[in-house]
There are 2 protein chains.
Amino acid sequence: MRQSSLHVPVSRRDRPAKAPLSRAAIVETGLDLLVAGGLANLSLRRIATALDTGSASLYVYVENLSHLQALMLDAAYGEIAYRPDLPPGERVGAALRSLRDVLLRRRGLAQIAAGTMPEGEKSLRLNEFLLDGLLEAGVPAERAAWGIDLLVLQVTAKAAELTAWREPGDVIARCERAYAGAPAETYPRLSQLHDLIFAGPGASRFDWALQVLIRGIADTPLPSRLDSSEHTAAPQQ
Amino acid sequence: MRQSSLHVPVSRRDRPAKAPLSRAAIVETGLDLLVAGGLANLSLRRIATALDTGSASLYVYVENLSHLQALMLDAAYGEIAYRPDLPPGERVGAALRSLRDVLLRRRGLAQIAAGTMPEGEKSLRLNEFLLDGLLEAGVPAERAAWGIDLLVLQVTAKAAELTAWREPGDVIARCERAYAGAPAETYPRLSQLHDLIFAGPGASRFDWALQVLIRGIADTPLPSRLDSSEHTAAPQQ
DNA sequence: ACCTGAACACCGTTCAAGT
DNA sequence: ACCTGAACACCGTTCAAGT
C-alpha cells in the first residue's frame, strides 16, 4: 500500500467523491437497470454495484426490494402526462394512454405495477384525475367511484402482458399458431373467428378497450343496494 | 455401512420404490407447494426435494421454471367449471367466476397467470366457451372476438391483485387509510367519494365489473375499418 | 449515522459421471 | 434414457465491525 516513488498520481477529479447514497439515487439507478435489461436485470446487488457500494448499504434508505419497487413505481407515475385542457370526455383516455406509455417505457415496470399496491401520492393524483374526468363527463358518482379501479387495472394488466410476451421473441406468433391450429370440430368459434381475433393493430385495440370500459361504467347501474344510495358505506367484505 | 447383527430391519413397504418421476407428478407437486406457501414457496429445488430427488432431474420433464409454470397454469385451467346448461346470458359470467375461483384456490397462481402466455389447450377451451357464450347472447362477432381478451385479462388481474394484497396482512387497510388521509384541497373528488370508492363487498364489485365489460363489449363498435367488415385480416402491429 | 465485508440461506441451470 | 452430485453464477437479507 506504500506509494512508490514512481507512482504517477491520478486525479480523482474525473471520478470525484462518490455521489452520496440517497433514496432518490437508488430509485433512479433501479429504473435505469430496468430499461437496460428488464425486471430480470433488477437486483439490489446490481444497484449497489452501479452505485459503487455493497448491497447492505442500501438498507439504510430502503426497507427491502419490494419497498424499493413501490418507490420506483411511484417515481414513474410522476411522469404521467395530464391534460386538464382537453374536454372531459377525452381526459380519461388521454391519461390512461399516458399511463400505458409510462409503464412500457421501462421493461418490467408494468409487471411491478401489476403486483404492487399503489401506495404513493402519485397514484392518488392519477385516481383523482380519472375520477374527476368521469364525473365531469356525466358519469354517476357511484359508478365512477367503482370504475376507476377497473380502468387502471385493465391498463396495467395489458401493459404487463405486452412486456411479458415481448421477451421470448416469438411467443405471440406461437400463440397465434396455436389458435390457428385449433381443430374446427372442437373449437368451431375460435376457428371461425380466428382472423377477427387477431385483427387490428394493438393501438386501436387498446383504444377500443378503453371505450368499452368507459361506456360500460357509464351505463351499468350498481347493485340496487348501492346505486344512487346515500353515502352510507356498505359493509366491507 | 455393514449391517450389524443387532440391526432391526425396517420394511421399505411404507415408503416403497419412489414414485417414478413424471411431468404430471412435477406439476402436481408444484401446485401443492403453491397452496402451502404461495409463489415464494415454489422452486425447482423444493419440488425436487418433495419428490426425493435433485433439481437437475426435473429437466428431463420440463424445459425450465417458466415452462413448468405454464404447465401448472394449464392444469389449473382444467378445473374451470363450464355450465353450458345455463342460458347464454349467464354462461360467460359463470365461467369467469369459476376462473377467478380456480386462480384464487392456490395462492400465487393468479400471479403466474398474469405473466404467462396461455399456451395450453385448456385456455383454448375457455376462450371457445366465452366466445360462444357472447355470440349466443347476441353480441356482434367482431366485438366478441376482441372482447374475450378483455374479460380474461380483467379477471386474471383482479385475482392477482387480490393475492398480492392478501400477503402482507394489512396492506388494504393501509391503502384505505392513504385515501382517507388524502387532503380535500388537493384531492377533492377522492375525499368526497371516499365512502363510495371503498363501499360494497368484493363479490358484488366483481360481478359489477363483469357486467360493465360485457355491456361495453356488446355496445361498443370497433374502429370503422374493422367493424362489420369482411374477414380480411387487418395489418398486424 | 452511515458504510463495509463477510456470511447465511437460498435460487435456476449446466454438466460430467454414473446406471 | 434417466438420474445424480457437484459446481457455477447468481439472489435478498442480516450482522458484527469499522468510521
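## A phosphate contact of DNA strand D

How far is a phosphate oxygen of DNA strand D from an N or O atom in the side chain of B:Ser57? In this predicted model, the distance is 3.4 Å.

## Basis of the values

The model is predicted, with local features requiring pLDDT of at least 70 and side-chain atom pairs counting only at pLDDT 80 or more, while totals for chains, interfaces and linings use all residues. Residues are numbered from 1 along each chain as its sequence is written, chains are lettered from A and ligands numbered from 1 in the order in which they are written, and side-chain values use heavy atoms, with hydrogens and water left out.

Helices here are DSSP runs (H or I, at least four residues), numbered from the N terminus.

By class, the surface near DNA strand D has seven nonpolar, five polar and four charged residues. Nonpolar covers Ala, Val, Leu, Ile, Met, Phe, Trp, Tyr, Cys and Pro, charged covers Asp, Glu, Lys and Arg, and the others, Gly among them, are polar.

## Interface of chains A and B

In chain A, 75 residues are in contact with 74 residues of chain B, contact meaning heavy atoms within 4.5 Å. The two chains bury about 6800 Å² between them, 64% of it on carbon and sulfur atoms; this is the accessible area (1.4 Å probe) lost on putting the two parts together, summed over both.

Six salt bridges are counted between chain A and chain B, each a side-chain nitrogen of Lys or Arg within 4 Å of a carboxyl oxygen of Asp or Glu. One of them joins B:Arg189 to A:Asp132, with the closest N and O atoms 2.7 Å apart. H7(A) supplies the largest share of the side of chain A that touches chain B, 15 residues. That side comprises 40 nonpolar, 17 polar and 18 charged residues.

## Symmetry

Chain A is superposed on chain B by a rotation of 180° with 0.0 Å of shift along its axis (RMSD 0.1 Å). The two copies are therefore related as by a two-fold rotation axis. The superposition is by least squares on the C-alpha atoms of residues with pLDDT of at least 70 in both copies. Of the residues of chain A, A:Gly216 comes closest to the axis, at 2.1 Å (C-alpha). Because 99% of the interface residues of chain A are also interface residues in chain B, the copies meet through the same surface.

## Salt bridges over all chains

The count over all chains comes to 20 salt bridges. Among them, A:Asp207 pairs with A:Arg97, the closest N and O atoms being 2.9 Å apart. This pair links distant parts of the chain, 110 residues apart, with A:Asp207 in helix H11 and A:Arg97 in helix H4 (residues 88-105) of chain A.

Technical notes: Helices (H or I, at least four residues) and strands (E, at least two) are DSSP runs, numbered from the N terminus. A polar contact is a pair of N or O atoms within 3.5 Å; within protein, one must be able to donate a hydrogen and the other to accept it, and residues adjacent in sequence count only if both atoms are side-chain atoms.
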